[in-house]
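Hi everyone, thanks for coming. I'd like to walk you through one model today, starting with its surface and ending with its aromatic rings.

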Amino acid sequence: MATTQMLSSLKYSDSLTVVGISFCTAVVCECISWILIYRTNSYKSLKFSIDKASKKLETMKTDNPTKISNKKSKTKKIDRVETSLKESSRDLSLFKFKSGAVVALVLFVVFGLLNSLFEGKVVAKLPFKPVGIVMKMSHRGLQGDDSTDCSMAFLYFLCSISIRTNLQKFLGFSPPRGAAAAGGLFPMPDPKTN
C-alpha cells in the first residue's frame, strides 16, 4: 500500500516540481515588484489619482444632463477626465515597466534552469489531444508522437500565468480598475479626434 503511494507520488514528481518552482518564482517576482513599485509613494499617488478619476468619470457618465448647453459642458468635462485618466494610466504603465525588466530577467533565468533540467522529458499528460498550435507548444522539445505528452515549457507557461495573476489579486497588487480601461502604455487612438 505504502509502496503504491510512493510510486504514484514519483509519477507526478516532475509536474509538481514545475508547479512548485512556478509558484516560488511568482512569489519572488511579486516581492521584487513590491520593492520596486508597490511600496513607493509615486505608485500610491498614481493609483489614487487613477481610482479617483475613474470614479469621477463613472459618476459623470451616469448622470443625465437636462439642458443642451449643459450637455456640451459635461462632454468637455468628461473628455478632460478621460484625458487625465489616460495620462495617469500611461504614467503607471511606464512606472511598472522599469521593474518589468528585472522580473523578466528572473523569469528568463528560471526558465533556462528548468529547460536544462527537463529537456526532452515529459512532465505531464494532457487529458485531451490538443489541436494545431497548442500541440506545437505543449509538445515542444519532446520525442515521440503522443500528442498528450506535455513539455515543461507548456506547463510552466500555464502555471506562471495563472499563479501570478491570482497571487496579484490575493495580495491586492492588481492594477486599479480604471487603468485597464484607459489603455495602458499603448492606448487605442481616440475616435473623437478624427
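Let me start with a question: is isoleucine 35 buried, partly exposed or exposed? Isoleucine 35 counts as partly exposed, because its relative accessibility is 44%; here buried means under 20% relative accessible area, exposed over 50%, and partly exposed in between, with a 1.4 Å probe and protein chains only.

Before I go on, a word on the source. This is a predicted model, where local features need pLDDT of at least 70 and side-chain atom pairs count only at pLDDT 80 or more, while totals for chains, interfaces and linings use all residues. Residues are numbered from 1 along each chain as its sequence is written, and side-chain values use heavy atoms, with hydrogens and water left out.

Back to isoleucine 35, which is found in helix 2. Helices here are DSSP runs of H or I with at least four residues, numbered from the N terminus. Together, Trp34, Ile35, Leu36 and Val102 make a nonpolar surface patch of about 350 Å². Helix 2 (residues 13-38) gives the largest share of that patch, 3 residues. To be in a patch, a residue needs over 30% relative accessible area and no salt bridge; nonpolar side chains (Val, Leu, Ile, Met, Phe, Trp, Tyr) are joined within 5 Å, and like charges within 9 Å. A salt bridge, in turn, is a side-chain nitrogen of Lys or Arg within 4 Å of a carboxyl oxygen of Asp or Glu. The areas come from the Shrake-Rupley method with a 1.4 Å probe.

Now for the charges. A surface patch of positive charge gathers Lys52, Lys56, Lys72, Lys76, Lys77 and Arg80. Two elements give two or more residues to this patch, helix 3 (41-62) and helix 4 (68-117), and helix 4 has the largest share with 4 residues. Lysine 52 sits in helix 3 and is exposed, at 55% relative accessible area.

Last, the rings. How many aromatic pairs are there? The count is 2, with ring centres of Phe, Tyr and Trp (its six-membered ring) within 6.5 Å; planes under 30 degrees apart are stacked, over 60 edge-to-face, and the rest tilted. Tyrosine 38 and tyrosine 43 are edge-to-face, because their planes stand at 80 degrees, with centres 5.1 Å apart. Tyrosine 38 is buried at 8%, and tyrosine 43 is buried at 4%. Phenylalanine 111 and tyrosine 156 form a tilted pair, with centres 6.1 Å apart and planes at 45 degrees. Phenylalanine 111 lies in helix 4 and tyrosine 156 in helix 6 (residues 152-171), so this pair ties together parts 45 residues apart in sequence.

Notes:
Lys and Arg count as positive and Asp and Glu as negative; His and the chain ends are not counted. The place of a charge is taken as NZ of Lys, CZ of Arg, CG of Asp or CD of Glu.
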